[in-house]
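I opened my notebook to jot down what I could look up in this fold. Here goes.

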Amino acid sequence: MEMTTALWSFALVVGLLTLTPGLDTALILRTSALGHRRQAWGVVLGIQTGTLLWGALTSAGVTALLTASQLGYEILRWAGAAYLVWMGVGMLRSRAHPEPEDAAAADTPADTPADTPTGGLAAGWRRGLLTNLLNPKVGVFYVAVLPQFIPAGAPHFAAGVALTCVHVVEGLLWSTVLVGFAQALRGWLRRPSARRAMDRVTGLAVVGFGVRLAVSD
């Protein structure tokens, strides 16, 4: 298989994966819909940084340890599950005890910048990165899929990273659509009742992802 063919084939596979709604989609939509544009892009960049790291580690053969070591996989799986449940419960609790600025948010013009001191680009990047890296299923996916698209005779590490970059580019493009969609609804979603509903739905979804990761085989 030629490298060009491998790139297009891998783009199709990970493109379908990217478009499938999941935890990444929920986090990006929730953060952007609440008006935290800088933090939303931080989440996007953190997720894609994690994807790039998984691809590089797989190309170097490191993530094969996840499939070879049951203990290593279990440690990472439970750490990821605990992190997701903690993050989801935090979202639910933040809406159960509204912050004082929630009341003022309803009177804020829709075109007013809504980035808050609670976290900006760096905070979003950390959240996105941890969410991605603490999900062992991403690593297992790369171990199972990425080597199949590396052409015989091609430099293994360089080809693997090149394929991963395709995934990253597609993720950035789709995230741009998600952020734009959420920003279009920002005026309505800035209302306190809408924010509470958004955090409840996203918090339950994130907790659900964590529980699913904990109980899955």
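My entries below go from the whole chain to a few of its parts.

**Ground rules.** I'm looking at a predicted model, where local features need pLDDT of at least 70 and side-chain atom pairs count only at pLDDT 80 or more, while totals for chains, interfaces and linings use all residues. Residues are numbered from 1 along each chain as its sequence is written, and side-chain values use heavy atoms, leaving out hydrogens and water.

**Whole chain.** I counted secondary structure and got 11 helices and zero strands; helices are DSSP runs of H or I with at least four residues, strands are E runs of at least two, and numbering starts at the N terminus. Buried residues (under 20% relative accessible area, with exposed over 50% and partly exposed in between, using a 1.4 Å probe and protein chains only) make up 43% of the 217 residues.

**Helix 2.** I looked up residues 23-33 and found nine of the 11 buried, so this helix is largely enclosed by the rest of the structure. Among the buried ones are Leu23, Arg30 and Ala33. Just after helix 2, Gly35 has a positive phi of about 90°.

**Helix 9.** This one runs over residues 156-184 and reaches 43 Å from first C-alpha to last, close to the 42 Å expected (1.5 Å times one less than its number of residues). Its buried residues include Leu163 and Val166.

**Ala11.** Which helix holds Ala11? I found Ala11 in helix 1, residues 3-19, and Ala11 is buried at 13% relative accessible area. Leaving out residues up to four places away in sequence, Ala11 touches Val166 and Glu170; contact means heavy atoms within 4.5 Å. The C-alpha atoms of Ala11 and Leu163 are 8.0 Å apart, though 152 residues separate them along the chain.
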